[in-house]
Amino acid sequence: MKRLFVSYFFISFFFTANSQITRGNWLVGGNANFSSSKQNLTNSTDKNSSTLFSILPNIGYFVVDKLAFGISTGVSFTQSKSNNTKSNVTSYKIGPFAKYYFLEPDNTTNLFIQGAFGYGVNRFNNFGNSITTAKNISYQVAGGPVIYFNNSVGLEFILGWSFEKAIEDKSNVSSLILGIGFQIHLEK
């Protein structure tokens, strides 16, 4: 009897799940990203390698079925090495995003693509030197599969690309993104 109950629960959990990606619903959640990047400075021949970890909460609204617009904020921690110099950067960002789901809302899995723009402030700690700040803008395109555990909760697997440009010195960073996200879909 216990096996029957566990089997029934497992089957109903995975085969009755569907998402709330329809007009008028809210999207609340976020993701954590890991990336590795190369930086080319415009005023130097130095190349910089970096490792980054980001936490990016978001909130969005489905304006039509399968399309949400919203705001994303975040904090990132980066460790960089260049010519035997080590530094840490803490970044704070905010900006709009658009997310589109390709499959129908009643699927237990779906595919999505997301584009985002961000405005941020970076705080640099150059161990032994001064702490400085710099403003930047960023663009991101990412996508991947999402698996729904029920009609409200989804787990996203993210692969994407990010481009960040410093406002003052025009240096830029291009990054490959690998992440995982957790989204809650709230019905109207």
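Student: How much accessible surface does the protein chain have, and what share of that belongs to carbon and sulfur atoms?

Tutor: Keep in mind that this is a predicted model. The accessible surface of the protein chain comes to about 11,000 Å². Carbon and sulfur atoms account for 65% of that area.

Student: What percentage of the residues count as buried?

Tutor: Of the 188 residues in the protein chain, 37% are buried.

Student: How many helices and strands are there, and in what order do the elements run?

Tutor: The protein chain has 1 helix and 8 strands. Read from the N terminus, the order is α-β-β-β-β-β-β-β-β.

Student: Which share of the contacts joins residues at least 24 apart in sequence?

Tutor: Start with contacts between residues at least 6 apart in sequence. In the protein chain, 58% of these join residues at least 24 apart.

Student: Let me try a single residue. Where is Trp26, and how far in space is Trp26 from Glu187?

Tutor: Trp26 is in strand β1, which covers residues 26-40. Trp26 and Glu187 are 161 residues apart in sequence. Their C-alpha atoms are 6.6 Å apart in space.

Student: Which residues does Trp26 contact, leaving aside neighbours within four places in sequence?

Tutor: One group is Ile59, Gly60 and Tyr61; another is Ile184, His185 and Leu186.

Student: Why is Trp26 classed as partly exposed?

Tutor: A class follows from the relative accessible area: buried is under 20%, exposed is over 50%, and partly exposed is in between. Trp26 has 39%, so Trp26 is partly exposed.

Student: Now Ser50. Is Ser50 buried or exposed?

Tutor: Apply the cut-off of under 20% for buried. Ser50 has a relative accessibility of 9%, so Ser50 counts as buried. Ser50 is in strand β2, residues 47-64.

Student: Which residues make up the largest nonpolar core?

Tutor: This core has 11 residues, among them Ile21, Leu27, Phe62, Phe97, Phe112, Ala142 and Ile158. Strands β4 (85-101) and β6 (131-148) each supply at least two residues of the core. Strand β6 gives the most, with 3 residues.

Methods. Residues numbered from 1 in each chain as written. Predicted model: local features only at pLDDT ≥ 70, side-chain atom pairs only at ≥ 80, totals over all residues. Heavy atoms only, no water. Helix = DSSP H or I, 4+ residues; strand = E, 2+ residues; numbered from the N terminus. Buried < 20%, exposed > 50% of the residue type's maximum accessible area, 1.4 Å probe, protein only. Contact = heavy atoms within 4.5 Å. Areas by Shrake-Rupley, 256 points an atom, 1.4 Å probe, with all protein chains shown as cover. Core = buried A, V, L, I, M, F, W, Y, C linked by side-chain atoms within 4.5 Å.
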